[in-house]
Amino acid sequence: MIEWARVEELRSEVGPENFPEVVALFLEETDAAMAALNPDAGPAKVRQALHFLKGAALNLGLRAMVALCRQGERCAICGSPMPVDFAALTDTYLRARAELLAGLPDEIQGQIRNSASASSPVISR
């Protein structure tokens, strides 16, 4: 579910000292975007949200989430009333989030978990 080579590439790009902060920010922004994703918002707003989520997921190698967002984005462009399975997207994100945190070294996990936003996702579905 996680492309670990991309995670390492990101860590190298931002530097080991900034990596925990970048991951915590990713989780905070993605948690908020997932919580705000509303299937009743209309195809244009859903497409915009999916585009943001796809970009965030690409940055950390969350392959399954990228695929769902890409598929939903395409459907939203075509005007489909239900561009993505929101329950599947939420489940995929929560599993990828947990796998990402579990797969990081203990030191980094501790730094990220000390961030208030990274401890529990704010997704109500």
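Visitor: A polar contact joins the side chains of Lys-54 and which residue?
Guide: This is a predicted model. In it, a polar contact of 2.7 Å links two side chains. One belongs to Lys-54, the other to Glu-73.

Visitor: Is Lys-54 buried or exposed?
Guide: Lys-54 sits in helix 3. Beyond four places in sequence, Lys-54 is in contact with Val-66, Cys-69, Arg-70 and Glu-73. The cut-off for burial is under 20% relative accessible area. Lys-54 has 14% relative accessibility, so Lys-54 counts as buried.

Visitor: Which residues of helix 3 are buried?
Guide: Helix 3 has 17 residues. Its exposed residues on the face turned away from the buried side are Ala-44, Lys-45 and Gln-48. The buried residues are Val-46, Leu-50, Leu-53, Lys-54, Ala-56 and Ala-57.

Visitor: What covers the buried residues of helix 3?
Guide: The buried set runs from Val-46 to Ala-57. The cover of these residues includes helix 2, helix 4 and helix 5.

Visitor: Just after helix 3, which residue takes a positive phi?
Guide: Helix 3 spans 24 Å from its first C-alpha to its last, close to the 24 Å expected at 1.5 Å a residue. Just after helix 3, a phi of about 70 degrees turns up. The residue is Gly-61.

Visitor: How far does helix 5 reach from its first C-alpha to its last?
Guide: Helix 5 has 18 residues. At 1.5 Å a residue, the expected span is 26 Å. The reach in the model is close to that, at 25 Å.

Visitor: What arc do the buried residues of helix 5 cover?
Guide: Phe-86, Leu-89, Thr-90, Thr-92, Tyr-93, Ala-96, Arg-97, Leu-100 and Leu-101 are buried in helix 5. They lie on the same side of helix 5, because they cover an arc of only 165 degrees.

Visitor: Which exposed residues sit on the face of helix 5 turned away from its buried side?
Guide: The buried residues of helix 5 have cover that includes helix 1, helix 2, helix 3, helix 4 and helix 6. The face turned away from that buried side carries exposed residues. These are Ala-87 and Ala-102.

Visitor: Which residue caps the N-terminal end of helix 5?
Guide: Look at the backbone nitrogen of Ala-87. A side-chain oxygen lies 3.1 Å from that nitrogen. The oxygen belongs to the capping residue, Asp-85.

Visitor: What is the relative accessibility of Leu-89?
Guide: Leu-89 is in helix 5. Beyond four places in sequence, Leu-89 is in contact with Met-34, Leu-37, Leu-50, Leu-53, Met-65, Leu-68 and Cys-69. Leu-89 counts as buried, because its relative accessibility is 0%.

Visitor: How far apart in space are Gly-72 and Leu-50, C-alpha to C-alpha?
Guide: Gly-72 lies in helix 4. Gly-72 is buried, with a relative accessible area of 0%. In sequence, Gly-72 and Leu-50 are 22 residues apart. In space, C-alpha to C-alpha, the separation is 6.9 Å.

Visitor: Which residue has its backbone oxygen 3.1 Å from a polar side-chain atom of Gln-109?
Guide: Gln-109 is in helix 6. Gln-109 is buried, at a relative accessible area of 11%. Beyond four places in sequence, Gln-109 touches Leu-101, Ala-102 and Leu-104. The backbone oxygen at 3.1 Å belongs to Leu-101.

Visitor: Which element has the lowest mean pLDDT?
Guide: The chain averages a pLDDT of 85, and 86% of the residues score at least 70. Helix 1 has the highest mean among the elements, 95. The lowest mean, 83, belongs to helix 6.

Visitor: What share of the contacts with a separation of 6 or more comes from residues 24 or more positions apart?
Guide: Of its 125 residues, 40% are buried. Among contacts with a separation of 6 or more, residues 24 or more positions apart account for 67%.

Methods: Residues numbered from 1 in each chain as written. Predicted model: local features only at pLDDT ≥ 70, side-chain atom pairs only at ≥ 80, totals over all residues. Heavy atoms only, no water. Helix = DSSP H or I, 4+ residues; strand = E, 2+ residues; numbered from the N terminus. Buried < 20%, exposed > 50% of the residue type's maximum accessible area, 1.4 Å probe, protein only. Polar contact = N/O pair within 3.5 Å; in protein donor to acceptor, adjacent residues only side chain to side chain. Contact = heavy atoms within 4.5 Å. pLDDT = per-residue confidence, 0-100. Expected span 1.5 Å × (residues − 1). Arc of directions from axis to C-beta.
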